[in-house]
Amino acid sequence: MFGKRGFGNKGASPSAPAAKPAAPRTGGIKQATTEKAATPEEPPKVVARERTEEYYDIKSEIFNVLIDAIDLTQLTQLDQESAREEIREIVNDIIAMKEVALSIAEQEELLEDICNDVLGYGPLEPLLARDDIADIMVNGANQCFIEVNGKIIDAGIRFRDNAQLLNICQRIVSRVGRRVDEASPICDARLPDGSRVNVIAPPLAIDGPALTIRKFKKDRLKLDDLVNFGSITPEGAEILKIIGRVRCNVLISGGTGSGKTTLLNCLTAYIDGHERIITCEDAAELQLQQPHVVRLETRPPNLEGEGEVTMRDLGKNCLRMRPDRIIVGEVRGPEAFDLLQAMNTGHDGSMGTLHANSPREAISRLESMITMGGFSLPTKTIREMIVGSVDIIVQASRLRDGSRKITHITEVIGMEGEVVITQDLFVYEVLGEDENGKVLGRHRSTGIAKPHFWDRARYYGEEVRLAEALEKAAAKAEEVV
Ligand SMILES: Nc1ncnc2c1ncn2[C@@H]1O[C@H](COP(=O)(O)OP(=O)(O)O)[C@@H](O)[C@H]1O
Ligand SMILES: [Mg+2]
């Protein structure tokens, strides 16, 4: 998609010029491991190349000569492979001419960097090629952080200057027909591999363009992976599988990056294959495995401010498409009303995620999204609607040590007066912290033997499985940790 990004996948050209003995300059690339990323049980596997000032000087010197020597527009017409070959030859000539002493490895690296600058997304390329990165956060030309294994670490790359960074941002967003500049400094886009991109440029971003990339995971985590990570117990996971299968209406609540989308994706794996599922997202992230899925995506307004299609538009349209279930990637505004409406009118088993820090807060967020959407309904009516629609709220959290946990599986069971009543089936309790800052805690069943969705489970023939999982979980809860 971006052409070849790896370092080792091309035939290294051994035509590197021999170093002249007279005061050769060195490339100045040194290997640095990012040790601060390491937790005791996970040795650091992140190896970032840290480049010295000297390296950047040599690079920009060669780069400038290269730009003068080649016809850029012609180059972009070539396919990636030929374009790289072309650049390789010229760069080799320049290195020979300038008498820069570089080892073959250093030369390859320099060449890779330059090709990335000219043909791709510059210094971002090696980061984009890695599968272990969740987010890339560029804060102006000189600072770039990545999230790996739940920890934010320095990526060890930088851009020539803010102009180069903005140029790359521009290249990214132009793919979706947008532009970033002073006049429209905020822009969302998507990379060809599905990664989500946000750019906010000066003057709004004071210290240079801020670029945030949520990397698209090719292989989304499965519920069993979450069990292996300790995000949830096997019994908790079993109950989630049943919840997904028996068409409970589910809201997944959590903060940014807490694992909501991952969890939603996991839950959809347990939907029966014959159901017609319609997904609505701002940027398609879900990877449903069922045969009968229609995927819809919102559209931002174009440069003239026209043509916007909102989540609300999609939600309303969905209802006319004879869905069995509707899945809304992220509920942010008045579309909350449509999702509840869908849940309420025979599309049970619908699901969505929303941003809140507890199941209680999720309910009040829903309520305020509906109120702010201009529906002039009395509070009590809105709450009745929520109670009548939502069966389960699953809470995802990213704890302070970077680990992600499912902290609540909570049922919405009814109203008392004007108050929505909920009941926790599972909770995660934080007990403390070990000497390395790792959070210690335990998942605990609240001992409820017959949850509110019992009849639903029975209808789908899952009550024995449910009873077993609950029993096992309750027995475990009595073990003292
Ligand atoms: N339980 C988990 N354990 C470890 N990593 C997780 C877990 N859940 C999600 N992740 C990772 O965290 C990142 C953010 O997850 P995502 O589901 O996109 O979050 P959200 O939708 O809440 O913003 C992804 O890279 C994902 O693979
Ligand atoms: Mg998400």
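Okay, let's start with a helix pair: helix 1 (residues 53-69) packs against helix 4 (residues 104-119) at about 50°, and their axes lie 11 Å apart. That angle makes helix 1 oblique to helix 4. The cut-offs, for anyone who wants them: under 35 degrees is roughly parallel, over 145 roughly antiparallel, 65 to 115 roughly perpendicular, and the rest oblique. Axes are lines fitted to C-alpha atoms, for helices over the stretch in contact, with angles from 0 to 180 degrees between N-to-C directions. Helices here are DSSP runs of H or I with at least four residues, strands are E runs of at least two, and both are numbered from the N terminus.

A word on what we're looking at: this is a predicted model, where local features need pLDDT of at least 70 and side-chain atom pairs count only at pLDDT 80 or more, while totals for chains, interfaces and linings use all residues. Residues are numbered from 1 along each chain as its sequence is written, with chains lettered from A and ligands numbered from 1 in the order in which they are written.

Back to that pair. Who touches whom? On the helix 1 side we have K59, I62, F63 and L66, and they meet L110, D113, I114 and D117 of helix 4. Contact here means C-beta atoms, placed from the backbone, within 7 Å. By class, that contact has five nonpolar, no polar and three charged residues. For the classes, Ala, Val, Leu, Ile, Met, Phe, Trp, Tyr, Cys and Pro are nonpolar, Asp, Glu, Lys and Arg are charged, and the others, Gly among them, are polar.

Next, helix 11, which has two packing partners to talk about. With helix 10 (residues 311-318), helix 11 (residues 335-344) makes an angle of about 20°, axes 8 Å apart. Helix 10 and helix 11 are therefore roughly parallel, and their crossing is left-handed. Helix 10 brings M311, R312, G315, K316 and C318 to the contact, and helix 11 answers with E335, D338, L339 and A342. That splits into four nonpolar, one polar and four charged.

Now helix 11 against helix 13 (residues 379-389): the angle is about 50°, and the axes are again 8 Å apart. So helix 11 is oblique to helix 13, and this crossing is left-handed too. L340, M343 and N344 of helix 11 meet M385, I386, G388 and S389 of helix 13. Which classes turn up there? Four nonpolar and three polar, with no charged residues.

Nine strands make an open sheet, running 11-10-12-13-9-14-15-16-17, with mixed pairing. Strand 11 (293-297) and strand 17 (439-445) sit at the edges with a single partner strand each, so one side of each has no neighbour in the sheet. The twist averages 25° from one strand to the next. Pairing needs at least two DSSP bridges between two strands. Strand 14 (residues 392-398) and strand 15 (residues 404-416) pair antiparallel over seven bridges, and R398 has R404 in strand 15 as its bridge partner.

The other sheet is open as well: six strands, order 5-4-3-8-7-6, antiparallel pairing. Strand 5 (151-154) and strand 6 (186-190) are its edges, each pairing on one side only. Neighbouring strands are turned by 15° on average, direction ignored. In there, strand 7 (residues 196-200) and strand 8 (residues 210-214) pair antiparallel over five bridges, with V199 bridged to L211 in strand 8.

The loop between strand 7 and strand 8 holds P203, and a cis peptide bond joins P202 and P203, omega about 10°. Where is R247? In the loop between helix 8 (234-245) and strand 9 (250-254). For background, most residues other than glycine have a negative phi, and most peptide bonds are trans.

Last, ligand 1. Its shell has 15 residues, the closest being A134, G259, K260, T261 and T262; a residue is near if its C-beta, placed from the backbone, lies within 6 Å. Helix 9 (residues 260-268) gives the most to that shell, with three residues. By class, the shell has four nonpolar, eight polar and three charged residues.

Key: Two residues are in contact if their C-beta atoms, placed from the backbone, lie within 7 Å. A crossing is left-handed if the near helix is turned anticlockwise from the far one by less than a right angle, and right-handed if clockwise.
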